[in-house]
Amino acid sequence: MEEELRSVIDYGLSQGAKYVEARYQLLTGNFLSMKNGIVDNVGNYNIRGVGIRVIFENSIGFSSTNIINKENLISTCNKAIKIAKAAKKRTVKFDSWRDYRDTCIVKPKIEYRSIEDIVNEFKEYDKRIVENENRTVFRVFFISKTEEEKLFINSEGSVIEQKWPIISLFASLVAVDHQKGFVQRFLQDGGKKGWEIIHEIEYEEKLKSEAKMLGKILNEAETLKEKGEYDVIIDGEITGLISHESCGHPFEADRILGREAAQGGESYLNLNMLNKEKIGSEILSIADDPTIEKASGFYVYDDEGVPARKRYLIKNGVPTEVLLNREYAGYLSTKSNSAARATYYYNEPLIRMANTYIEPRDFTVEEMIEDVKKGIYLKSYMEWNIDDRRWNQKYTGLECYLIENGKIKQMVKNVALEITTGHLFKNIDAIGKDLKFTPGNCGKGEPMQGIPVWFGGPTIRVRKVWIK
Amino acid sequence: MSEIDKKAEELLLALQKKGAEDIIIKISKTEDVLIRYANNEVTIPIYNEESHIELRFGYRNVVLLSSINNVLFDAEKTSEELIKIASQLKEQEVYVKIPSTKYNYVPILDVDEETKRISELLPGIAENVINESLKGRIKKVAGTLEGKIEKIRVITSTGYDLQDIRSLIMLNHRCFSNSTSTGQWAYCSRSVKDLDYNLVVEKAAQIAEINVNQKKIEPGNYDVIFSPMIFASLMEHAASATSAYSVELGLSFFIGKLNTKVASNKLTLYEDPHDPKSPAYSRFDDECIPTRKKEIIKDGILVTYLHNLRTAKKFGTETTGNAGIVFPTPFNVHVKEGDYKEGEIFKEVKKGLFLLNNWYLRFQNYVTGDFSTILRDGIFLIENGEIKQALYGGRLSENYLNLLNSIEGLTNIKYPIKWWEVNIPTYSTYALARNLRITTAE
């Protein structure tokens, strides 16, 4: 494949392109879905192609194909040049990097099982759910295994090969009580790893415990009697999502500088705020780190061939760094921090998060609760959304408790945390040591590129929050 | 015959030899041109060509799916791998044979000469859209202009060999009169010549120009005028929730609601895959069943779920011709027009809101239909039928069935909408709804 891609680079340069890159991608895998213990859909996929990006007369163009032979690759390169010429664009100048030649391979500890074994394993999980809560009437699993291979070559001399397995597990559980109503739970797990994930996350125990929790919510949760101001303790499942939505997205340079304005929107952050303006409490630090091995957002080089590194987005309440690709690094006269990723070969690389998380501190959950007179403890969520400048957000709790005088009391339902990023970040007064990660699929771009990430966070305490 | 057509035919034969039956192979060849622009200039032009196979077959009453875009695949090896997977499976809830009936289909609509030239024409149109927008008080624009031509062939083990040509032109345009004063509009058509980009520019710019001096919205219950942008998003979600697949997975607020009143009698939603101007124009579904125009919600009554052969068998009914390879889905969504003229409907609101657009619609619970969505690109206070004040910071936090029942009036012109938040082409009017809950962040 290297030879075919090399021919694209040589051809593009011979036509006068200033920069040419070719990204080959092969994705192969199986998937299985089950509904109430019965196989629903089973299949496999085989996706293979090459994306070519050129800078020609200071304009950028992108084209892709899945017919991989020298003749067609050259024709595809021509199309990228032709469309770059046709669509006038501001001058694009990438930052400068040396050439890298590397091969990075992640191997699974435990190979993916046969479909038959997985069906049998998940039938048992389905039984365990019903045994623990027989009102769980809708139970859906989606399991997929993918092998991804990527080869990146550019006109600066880089040749980078990366390979990894990707496991994705999704469960949707709906419990119904004819008197008390419905309760629904979605669970997502996964990473760039093999079947060992099932053991690492203790999946069977997790499903049993979630089923029990749905029953508990149906039986015990009551509507919060008094709306008003509470201190709120928020579990890592939600703080991870907060780190992604309220810090990761608004710290993407393309969003800050308006490139995503028609779709994903812009940002509350502007570049003048970096290293100057305090936007959060002194104890709040948020990082995005693609080097966390086997995480969903793990990589060694990004899709522009830049070596991956950890980025500190907020340090002690102050924004310190934004996520960059080569184009925006060039525009800002700095260096890319390796945030360019494309979901498929036919997508342009965009600035993306990898594994974003609030850095843990030293509190235990018990210590946080002890110091709350009137509070709410949000352990999981059902629904969330945030505006397109990443300021006005809402998280509706699933497993939630009232706290009174330092003690957990009644389970409460439909608690909505509707809060601005500024209020949330500035009123954090305790951060736990219990950092945990949850996988997710982050959406951005046109066409929409869903890309695997991890959201991370410890339990945090936020003072004076208006609860609805 | 192209390479991928030959491969698909080889695969069909190889699977048949190994005992597979009810084989459907869908071959798609797509040419896609996408011009992205922001800050008043093109950010990237993209040209993609793609050939792709989607496959479904039965083996000992087990259904297997496959998606292949590797045009160099080995048919023999691929069929072996697929049969190996299928042979490990013992049961599926419902198995259904695919038909061999000779149906009559609506004719193939060829793509017109202008649309065939998307790679030449779209960069210039994008430039016009940008320049036209900047003539007034608009300072900045961003958007996407896309053209796609898809040639489809479906072959089956029961003898079908069908062809169709589908095309899409889509413009999504956002105007800024200052950093937070925005207006947005979108449009979709089947042909370049039907793309009314002047309308899109005018609508987006008009809103951005009045969306200034915003005040924070007061939470509470309001009467609301929805623009076609947000109403398209809301109606697309409603139509998608009628997929029998969503119903059987517990991901629909229409579970147990068939033939019951789910909306105000002012609301009729229908699907029209035979509309020659729609990007959804389709002769047949992915199971070779002829598509047809159909009402989904009629005068507020849910009259059908959308079915493929399998869900129809499970629900004891006939397929509605909405099959994808995996699950049924609407081809497009039409809101049946009401009687109001656009100027008149605002007069029905003494004190309320005009909502232009939304994004990030999420459900607390799909079964109950509790949801919220962020309002964007224009929230306006209406007093005595007039727009009085631009607002910011609102969220529509409602229950879907309540929302559908609150609709009191619709206007008499539809707009074709498709963009990030509206995946299925949706033809929507302005709508009046009463007493909806708006919340805000503290």
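In the predicted model, A:Ile314 sits opposite A:Pro319 of strand S12 of chain A. The two residues belong to an antiparallel pairing: strand S11 (residues 311-315) of chain A joins S12(A) over two bridges. This pair is part of an open sheet of six strands in chain A, ordered S12-S11-S10-S15-S24-S23, with mixed pairing. S12 (318-319) and S23 of chain A are the edge strands; each has a single partner strand, so one side of each lacks a neighbour in the sheet.

Nine bridges connect S23 (residues 436-444) of chain A with S24 (residues 449-457) of chain A. A:Lys436 has A:Gly457 as its bridge partner in S24(A). S23(A) and S24(A) form a hairpin, and four residues lie between the two strands. In the turn, A:Gly445 has a positive phi of about 90°. Strands of a sheet pair through backbone hydrogen bonds, in either the parallel or the antiparallel sense.

Helix H6 (residues 236-248) of chain A lies across strand S10 (286-288), S11, strand S15 (355-358), S23 and S24 of chain A. H6(A) runs at about 125° to S24(A).

Chain B holds an open sheet of six strands as well, in the order S11-S10-S9-S12-S19-S18, and its pairing is mixed. The edges are taken by strand S11 (301-302) and strand S18 (415-419) of chain B; each has a single partner strand, so one side of each is left without a neighbour in the sheet. Within the sheet, strand S9 (residues 269-271) and strand S12 (residues 333-335) of chain B are antiparallel and share two bridges. B:Tyr270 stands opposite B:His334 in S12(B). Helix H6 (residues 228-240) of chain B packs on this sheet. H6(B) touches S9, strand S10 (294-298), S12, S18 and strand S19 (422-428) of chain B. The direction of H6(B) makes about 115° with that of S19(B).

Helix packing was examined next in chain A. The axes of helix H1 (residues 2-14) and helix H2 (residues 70-86) of chain A come within 9 Å and cross at roughly 40°. That angle makes H1(A) oblique to H2(A). The crossing is right-handed. From H1(A), the contact involves A:Glu4, A:Ser7, A:Val8, A:Tyr11 and A:Gly12. These meet A:Lys70, A:Leu73, A:Ile74, A:Cys77 and A:Ile81 of H2(A). By class, six residues of this contact are nonpolar, two are polar and two are charged.

Each chain is divided into two domains. In chain A, domain 1 spans 2-220 and domain 2 spans 223-467. Their centres, taken over C-alpha atoms, are 22 Å apart. Domain 1 of chain A brings 37 residues to the contact, and domain 2 of chain A brings 32. Several elements give two or more residues to the domain 1 side, among them strand S1 (19-35), strand S5 (136-154) and helix H5 (203-220) of chain A. The most comes from S7(A), with six residues. The domain 1 side of chain A has 15 nonpolar, eleven polar and eleven charged residues.

In chain B, domain 1 covers 3-207 and domain 2 covers 213-442. The C-alpha centres of these two domains are separated by 23 Å. Contact is made between 37 residues of domain 1 of chain B and 32 residues of domain 2 of chain B. The elements that supply two or more residues from domain 1 are strand S1 (21-38), S2, strand S4 (140-156), strand S5 (161-178) and strand S6 (181-189) of chain B. This side of domain 1 of chain B has 20 nonpolar, nine polar and eight charged residues.

The chains also touch each other. In this interface, 65 residues of chain B are in contact with 66 residues of chain A. Strand S2 (residues 41-59) of chain B provides the largest share of the chain B side, eleven residues. That side of chain B divides into 29 nonpolar, 24 polar and twelve charged residues. Three bridges join S2(B) to strand S3 (residues 59-65) of chain A, and the two strands run parallel. Within this pairing, B:Ile46 in S2(B) is the bridge partner of A:Phe62.

Conventions. Residues are numbered from 1 along each chain as its sequence is written. Chains are lettered from A and ligands numbered from 1 in the order in which they are written. This is a predicted model: local features need pLDDT of at least 70, side-chain atom pairs count only at pLDDT 80 or more; totals for chains, interfaces and linings use all residues. Two strands pair if DSSP finds at least two bridges between them. Axes are lines fitted to C-alpha atoms, for helices over the stretch in contact, and angles run from 0 to 180 degrees between N-to-C directions. Angles under 35 degrees count as roughly parallel, over 145 as roughly antiparallel, 65 to 115 as roughly perpendicular and the rest as oblique. A crossing is left-handed if the near helix is turned anticlockwise from the far one by less than a right angle, and right-handed if clockwise. Two residues are in contact if their C-beta atoms, placed from the backbone, lie within 7 Å. Ala, Val, Leu, Ile, Met, Phe, Trp, Tyr, Cys and Pro count as nonpolar, Asp, Glu, Lys and Arg as charged, and the others, Gly among them, as polar. Domain bounds come from an automatic or database domain assignment.
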